[in-house]
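Dear colleague,

I am passing this structure on to you, with some notes on what turned up when I went through it. Please look at it first and then read on below.

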Amino acid sequence: MQASLTVTTNFSAAHRLARPDLDYDTNRTVYGKCARPNGHGHDYLLEVTVVGKVDDQTGMAVELGALHELLRVAVIEPFDHHFLNKDIEYFATTVPTAENIAIYIRNILQAQLPSLGVTLQRIKLHESPNNACEVFATAAIKPERAESARESLAIA
Ligand code: NI
């Protein structure tokens, strides 16, 4: 039996929305006050939904402590109390909108969550009480498929 499980975590970070190839007036037109030169901060709330097989013995799809530890190392430590444009190389050239941050986090988690035996289903990044961005996992090998692939490899 498969189940999806959602956990929530949070971090605070600063960003500035502006494309380096555009002048200030154009950035102001596109991004409004978010283009102001010295940046501003948000208290981000991150929901992460994973899917996994419910273990017959434990009744759990994944151990919650292990999941939170993975989120802490993969997302919270790199993001919390950082200026995203300067502290995360990816955002030196990619404007750190909620959408782009969500996609970046999605890509990290999608790569790392299989180590816990679950796959990413979606994340929802709340940037403020007024806006949130939801992105879904792209097609990927599910753990049980990887397992059967290994099994057939072992048989071969
Ligand atoms: Ni902002």
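**What was found**

In this predicted model, 37% of the 156 residues of the protein chain count as buried, where buried means under 20% relative accessible area, exposed over 50%, and partly exposed in between, with a 1.4 Å probe and protein chains only. Residues are numbered from 1 along each chain as its sequence is written. Local features need pLDDT of at least 70 and side-chain atom pairs count only at pLDDT 80 or more, while totals for chains, interfaces and linings use all residues, and side-chain values use heavy atoms, with hydrogens and water left out.

The protein chain has six helices and five strands, taken as DSSP runs numbered from the N terminus (helices H or I, at least four residues; strands E, at least two), and their order along the sequence is β-α-β-α-β-α-α-α-β-β-α.

A nickel ion is coordinated by the NE2 atoms of H15, H40 and H42, at 2.0 to 2.1 Å; donors are N, O and S atoms within 2.8 Å of the metal (3.2 Å for Na, K and Ca), and since water is not among the atoms, sites may look incomplete. H15 belongs to strand β1 (residues 2-15) and H40 to strand β2 (residues 40-53), so this pair ties together parts that are 25 residues apart in sequence. H15 is buried, at 0% relative accessibility, whereas H40, at 23%, is partly exposed.

Elsewhere, T97 sits in the loop between α4 (90-93) and α5 (98-112), and at 15% relative accessibility T97 counts as buried.
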